[in-house]
Amino acid sequence: FIIDDQENTKFTASDDKEKIQGGSSEEVKAVAKEDIDKISAEMEEAIKQSLEEEIKGKLVGDQELPSGAFTYAIIEQTYDKKIGDPADVLMLDETAKAEAVVYSKKHLREVLVTVIKETIPDRYSLFETDAELEISDAIAQKPLVSETGSRIVPLQVKVKSYIVPKINAENIKSALLGQSM
């Protein structure tokens, strides 16, 4: 019988088939990798929801948070136990940061009216009442970086509006004047 780095005179061994007596046996709960993964996933989802709600709560006036314009990142995770440590409870302290791009409904409407007017043929005009220009489903696209280094977030926007023919009432009146019925 050999034990590395030990002299044979410092220990004894026997081939006794009797049960070892004494000592104790107990079950201990210990931290597993699955525990760390589970608490990390649960915490990440809770932080994401909390950050998004906090940002939505800070919107003022007619500001909107388009879908896809919210991003977050976990900066730091600190567990109070390591894998293999005995524990009934595992605590996680997590730090995160969030960014969001918001827009003003009024400003977006002004920009869209200008863009739409440029695409309408000359003999038509935009029906410009608020009720007739419907903007919905603003979705943020992948952010871009401009030549000046500023971040630009393109928005995909659904717009519903009506165009009406331009009518010159005086020309119609004069054309109809003197016509027989």
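The following questions and answers cover charged side chains and helix ends in a predicted model.

Local features here need pLDDT of at least 70, side-chain atom pairs count only at pLDDT 80 or more, and totals for chains, interfaces and linings use all residues. Residues are numbered from 1 along each chain as its sequence is written, and side-chain values use heavy atoms, with hydrogens and water left out.

Visitor: How many salt bridges does the count come to?
Guide: A salt bridge is a side-chain nitrogen of Lys or Arg within 4 Å of a carboxyl oxygen of Asp or Glu. By this rule the count is six.

Visitor: Which parts does the pair Glu64 and Lys105 tie together?
Guide: The closest N and O atoms of Glu64 and Lys105 are 3.2 Å apart, in a salt bridge. Helices (H or I, at least four residues) and strands (E, at least two) are DSSP runs, numbered from the N terminus. The pair ties together parts 41 residues apart in sequence, because Glu64 lies in strand β1 (residues 63–64) and Lys105 in helix α2 (residues 105–119).

Visitor: Is Lys58 buried or exposed?
Guide: Lys58 meets Glu54 in a salt bridge, at 3.5 Å from N to O. Buried means under 20% relative accessible area, exposed over 50%, and partly exposed in between (1.4 Å probe, protein chains only). Glu54, at 43%, is partly exposed. Lys58 has 58% relative accessibility, so Lys58 counts as exposed.

Visitor: Which residue forms a salt bridge with Asp80?
Guide: Asp80 has a relative accessible area of 38%, so Asp80 is partly exposed. The closest N and O atoms are 3.2 Å apart, and the partner is Lys81.

Visitor: What is the nearest side chain of opposite charge to Glu94?
Guide: Glu94 lies in strand β3 (residues 92–100). Glu94 is buried and has no salt bridge. Lys and Arg count as positive and Asp and Glu as negative; His and the chain ends are not counted. At 13 Å, the nearest side chain of opposite charge is Lys48.

Visitor: Which side chain makes a polar contact with the side chain of Glu94?
Guide: A polar contact is a pair of N or O atoms within 3.5 Å; within protein, one must be able to donate a hydrogen and the other to accept it, and residues adjacent in sequence count only if both atoms are side-chain atoms. For Glu94 the distance is 2.5 Å, and the partner is Gln77.

Visitor: Which residue with positive phi follows α3?
Guide: At the start of helix α3 (residues 169–176), a side-chain oxygen of Asn168 reaches to within 3.2 Å of the backbone nitrogen of Glu170. After α3, with phi near 90 degrees, comes Gly178.
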